[in-house]
Amino acid sequence: MTNMVDSARAADDAGLDASHASQRHVPGEPGIWVLLFGDMLVFTVLFTVYLHQRGIRPELFAESQGALNRALGATNTLVLLTSSILVVFATRALRRPELRYLARRLTLGGVLVGSCFVVIKAFEYHEKIAAGITPSTNEFFMYYFVLTGLHLAHVVIGLIVLTVLSTLARKPEPTKTHIAFFEGGACFWHMVDLLWIVIFPLVFLVR
Amino acid sequence: MRSVVRTKASLIWFLLCALTIVSWALGTNHGSGAGHHLPASLVIFAVAVFKVRLVGLYFMELKTAPTVLRGLFEGYCLGLFGLLTAMFVFS
């Protein structure tokens, strides 16, 4: 009996229903992981190139970094984390027939909170451009705009994916394929969060 | 609604937010200028990769994924930390 309770609790902790508890489960379609790991590796190469360039001109990078708005960067991290947890809740709700009615609202909540990232980033870019800072100002700002701009493109794609998922979440009886598609889209959104978790300290904090 | 929110992922979200604020404070207060600020920067990298791992295990649900998939992710986290710190220290 205790084992059964522990097993159910373990499944709850993982955000999975009881049917997933007994077996290991690939979130989403297996193919999505090729895309996710590929994207993560591409960004890792960019992080390496950035750090290599920083090593060549440490003074320029440290001085230029001082012009960044760290408060906005930290706020954007909290925004993405909050959007991600809403999508975690939505995935969990979609798997449970009695809670399925919440899945769409939670996904749209994730879209709404995630959209704040775009608004804040637009404000941040506006702040820089108004101060005469562009990608051609120096090497640091070239990498700043490339890294954050490429990530911003992922945020926009992620928001579109979440919007598509919100229509999927309306289905009263989603199939296993629907749920796997939802999980895959959710994992893409979490990857967007994961990438920002590295970009923020890398570009805004360490020196 | 309560059963959706009452999950370990919620606690992880709280921890991730707290760690973000710690890194922000550390990154803002460890001085400015051209010098190396090695200890604080290494702590910031370690916290970032720890946060990446938490997102992978609890938000992406890799904690309950097949060993190969989870192993790939754990390997990525380890490689990422090694690469970031090595490039930061030795570049």
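Mentor: Start with the contact itself. Chain A puts 49 residues into it, and chain B puts in 44 residues. On chain A, the elements that supply two or more residues to the side touching chain B are helix H1 (2-13), helix H3 (32-56), helix H4 (58-65), helix H5 (70-95) and helix H8 (176-205). H5(A) gives the largest share of that side, 11 residues. By residue type, the side of chain A that touches chain B splits into 28 nonpolar, 11 polar and 10 charged.

Keep in mind that this is a predicted model. Its scores are ipTM 0.92 and pTM 0.90. For chain B, the mean pLDDT is 91, and 92% of the residues reach at least 70. Among the elements of chain B, the lowest mean pLDDT, 81, belongs to helix H1 (residues 2-5) of chain B. The highest, 97, belongs to helix H4 (residues 67-90) of chain B.

Now the background in chain A. Chain A has eight helices and zero strands. Of its 207 residues, 40% are buried. Take the contacts in chain A with a separation of 6 or more: 77% of them join residues 24 or more positions apart.

Next, the helix pairs. H5(A) packs on H8(A), with the axes 10 Å apart and an angle of about 165°. The two helices are therefore roughly antiparallel, given that the cut-off is an angle over 145 degrees. The crossing of H5(A) and H8(A) is left-handed. The residues of this contact comprise 14 nonpolar, six polar and four charged.

H8(A) also packs on helix H7 (residues 139-168) of chain A. Here the axes come within 9 Å and cross at roughly 155°. So H7(A) and H8(A) are roughly antiparallel to each other. Their crossing is left-handed. From H7(A), the residues that meet H8(A) include A:Tyr144, A:His151, A:His154, A:Gly158 and A:Leu165. From H8(A), the residues that meet H7(A) include A:His178, A:Phe181, A:Gly185, A:Trp189, A:Val192 and A:Trp196. The residues of the contact of H7(A) with H8(A) divide into 16 nonpolar, six polar and no charged.

One residue of H7 is worth a stop. A:Val156 sits in helix H7 of chain A. It has 14 C-beta neighbours inside 10 Å, so A:Val156 counts as partly exposed. A:Val192 is 36 residues away from A:Val156 in sequence, and their C-alpha atoms are 9.9 Å apart in space.

Finish with A:Met40, which brings us back to chain B. A:Met40 lies in helix H3 of chain A. H3 of chain A is among the helices that give two or more residues to the side touching chain B. Leaving out neighbours within four places in sequence, A:Met40 is in contact with A:Met191 and B:Tyr76. A:Met40 therefore has a partner in each chain.

Definitions and conventions. Residues numbered from 1 in each chain as written. Chains lettered and ligands numbered in written order. Predicted model: local features only at pLDDT ≥ 70, side-chain atom pairs only at ≥ 80, totals over all residues. Contact = placed C-beta atoms within 7 Å. Helix = DSSP H or I, 4+ residues; strand = E, 2+ residues; numbered from the N terminus. Nonpolar A, V, L, I, M, F, W, Y, C, P; charged D, E, K, R; others polar. Buried ≥ 20, exposed ≤ 12 C-beta atoms within 10 Å, placed from the backbone. pLDDT = per-residue confidence, 0-100. Axes fitted to C-alpha atoms, helices over the stretch in contact; angles between N-to-C directions. Parallel < 35°, antiparallel > 145°, perpendicular 65-115°, else oblique. Left-handed = near helix turned anticlockwise from the far one by under 90°.
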